[in-house]
Amino acid sequence: MSAGPWVLVIDWLPLTPANRWYKGHWSKTAALVIDWRSAAIQAARIAKLPKGVDAFSLTVQARHRTNHLTDFDAFAPAAKAICDGLVTGPRGDGYGLAADDTPDIAQRLTLLPSFLNRALPDALLVSVVIEDARPPRVHGNGEQE
């Protein structure tokens, strides 16, 4: 049985589509990664996410205040940075939701199309679901353990 979802609303950073991540200097891209990782940690603390889970899945969706709706994959770099911020990782500087974001732990990262809501500010909405157990490992020949 899974637990959640917890919904993290990150509305204090400007939404930055993928084409702006890739067009700039590497130092600007690095700054964006740091900002979104830090925002994920802060949002996880606010939502009081559990720590040390065995498996989880994320769903990310952009909310826009204007008619400028983006492609569903426009925030994939931000979603990856959010995922990195939620897990502990090899350096141990994340929130600690799980040990790492390897495929057996981070089971799904789903990007949904953006939607319009003029009453609320632009935001990335991140839904976190804690999964029951890790799926069985699959070897290179397609056989399960």
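How many salt bridges does a search of the whole structure find? The search finds four, a salt bridge being a side-chain nitrogen of Lys or Arg within 4 Å of a carboxyl oxygen of Asp or Glu. The structure is a predicted model, in which local features need pLDDT of at least 70 and side-chain atom pairs count only at pLDDT 80 or more, while totals for chains, interfaces and linings use all residues. Residues are numbered from 1 along each chain as its sequence is written, and side-chain values use heavy atoms, with hydrogens and water left out.

View 1. Four strands form an open sheet in the order β1-β4-β2-β3, with mixed pairing; strands (E, at least two residues) and helices (H or I, at least four) are DSSP runs numbered from the N terminus, and two strands pair if DSSP finds at least two bridges between them. Because β1 (3-10) and β3 stand at the edges with a single partner strand each, one side of each is left without a neighbour in the sheet. On average, and with direction ignored, neighbouring strands of this sheet are turned by 15° against each other, the axes being lines fitted to C-alpha atoms, for helices over the stretch in contact, with angles from 0 to 180 degrees between N-to-C directions. Strands β2 and β4 run antiparallel and are joined by eight bridges, and Gln-61 has Leu-125 in β4 as its bridge partner.

**View 2. The salt bridge between Asp-93 and Arg-37.** The side chains of Asp-93 and Arg-37 meet at 2.9 Å, N to O. This pair links distant parts of the chain, 56 residues apart, with Asp-93 in the loop between α3 (76-86) and β3 and Arg-37 in helix α2 (residues 26-47). Arg-37 is buried at 15% relative accessibility, whereas Asp-93 is partly exposed at 36%; buried means under 20% relative accessible area, exposed over 50%, and partly exposed in between (1.4 Å probe, protein chains only).

View 3. Lys-80 is partly exposed, with a relative accessible area of 41%. In the salt bridge of Asp-101 with Lys-80, the closest N and O atoms are 2.6 Å apart. Asp-101 lies in the loop between α3 and β3 and Lys-80 in helix α3, so this pair ties together parts that are 21 residues apart in sequence. A network of salt bridges links Lys-80, Asp-84 and Asp-101.

**View 4. The salt bridge between Glu-131 and Arg-108.** Here the side chains of Glu-131 and Arg-108 meet at 2.7 Å, N to O. Because Glu-131 lies in the segment after β4 (123-130) and Arg-108 in strand β3, the pair ties together parts that are 23 residues apart in sequence. Glu-131 counts as buried at 15% relative accessibility, and Arg-108 as partly exposed at 44%.

**View 5. The lining of the largest cavity.** The lining includes Val-60, Gln-61, Asp-71, Phe-72 and Leu-124, and β2 (56-64) and β3 (106-116) each supply at least two of the lining residues.

Key: 1 Å grid on protein atoms, 1.4 Å probe; cavity = no way out; pocket = protein on both sides within 12 Å on 5 of 7 lines; lining within 4 Å.
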